[in-house]
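Have the viewer ready and follow along.

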Amino acid sequence: MTEIHRDILQCIGDTPLLALRHIPSRLSARILLKLESENPTGSMKDRMALAMIEAAEADGRLSPGVSVVEYTGGSTGVSLSLVCAVKGYPLHIVSSDAFSAEKLDYMRILGARLEILPSDSGRMTEKLTRDMIEAARIITQNTGGYWTDQLNNRDQLAAYHHMADEMWRQTGGQIDGIVQMVGTAASLRGIASGLRRHREQITIVAVEPAESAVLSGGPTGAHKIDGVGAGFVVPLWQNGIADRIEQVSTEEAITMALRLAREEGLCAGTSTGGNVIAALRLAEQLGPHATIVTVMCDTGMKYLKTFGAELRRSGA
């Protein structure tokens, strides 16, 4: 009998795992991509948004009629907009013109109320992150709402433990490396700790924007990879959780996102492009008998204006 879901939230998770066929070299490790684009809003953030809201409901931090508040580069806001729409919570989002217009429109369509802060020429910077955090704090103070506070919220880790279990099951326990870009650090931390419960000897690679490589000890800077690279060492980051940190530039991430579309038929965002760049580096080192898993963080349909501008600029 076909299962009928109660609501759209039951469709979150259990996403497919796909082998890249054309981009990796035949002499390198197999690269598998966890298709988080198959979640309801096309993003892995659906998992963490649901986990944060349900944990707050369970312990009384969030009750009917109370509004939810968050600052976000976009995907978390879209996911929270979905969860709050289904559950009936008013939602206040702080975001910026640095992030894709498609994400901002998506949040509005789902009923969120947005406060948009101006950026430095459309770039992600430390100042912008801290300005969004302060704006969210003020809204919470003025409304008495519940601030999910994704940079500090540990409730989301459980969602990524489940994601790690899915990866382990789907590969039959054949995982030699995991690669993930760092935004709040929750996904990397949750997936890494989840997989290491199954097997300790898995190489964990964190990825950050080359223009703002603060986890690598570099100076804060500006970049255009949505949803990652806050510009400072985020609270959920743990030294030692990753075996290495790879740096990927905005240009590299965009170029790989376009390659994924044209060579693999996968319309992915820029953070996914960064993940695949770093996975290719690890694949060359581990060799053809290894298996690496990385994440298609969200769908490229949220970046059509960004990619269109890049194609016009390059004449491709």
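Two strands count as paired if DSSP finds at least two bridges between them, and the elements themselves are DSSP runs numbered from the N terminus: helices are H or I with at least four residues, strands are E with at least two. The model is predicted, so local features need pLDDT of at least 70 and side-chain atom pairs count only at pLDDT 80 or more, while totals for chains, interfaces and linings use all residues. Residues are numbered from 1 along each chain as its sequence is written, and side-chain values use heavy atoms, with hydrogens and water left out.

With that in hand, look at the open sheet. Four strands make it up in the order β5-β4-β3-β6, with parallel pairing. Because β5 (113-117) and β6 (146-147) each have a single partner strand, they stand at the edges, and one side of each is left without a neighbour in the sheet. Between β4 (residues 91-96) and β5 there are five bridges in the parallel sense. Along this pair, Ser95 stands opposite Ile116 of β5, and Ile93 has Leu114 of β5 as its bridge partner.

Now move to β2 (residues 30-35), where five of the six residues are buried, meaning under 20% relative accessible area with a 1.4 Å probe and protein chains only. Three bridges tie β2 to β1 (residues 17-19) in an antiparallel arrangement, with Leu17 partnered by Lys34. Six bridges link β2 to β10 (residues 291-296), and here the strands run parallel; Leu33 is partnered by Thr294 of β10.

Finally, the lining of the largest pocket includes Ala98, Lys224, Asp226, Tyr303 and Glu310. Here a pocket is an open set of points on a 1 Å grid over the protein atoms alone, where a 1.4 Å probe fits, with protein on both sides within 12 Å along at least five of seven lines; lining residues have an atom within 4 Å of a point. Helices α7 (250-264) and α9 (304-314) are the elements that give two or more residues to this lining.

Terms used:
Buried means under 20% relative accessible area, exposed over 50%, partly exposed in between (1.4 Å probe, protein chains only).
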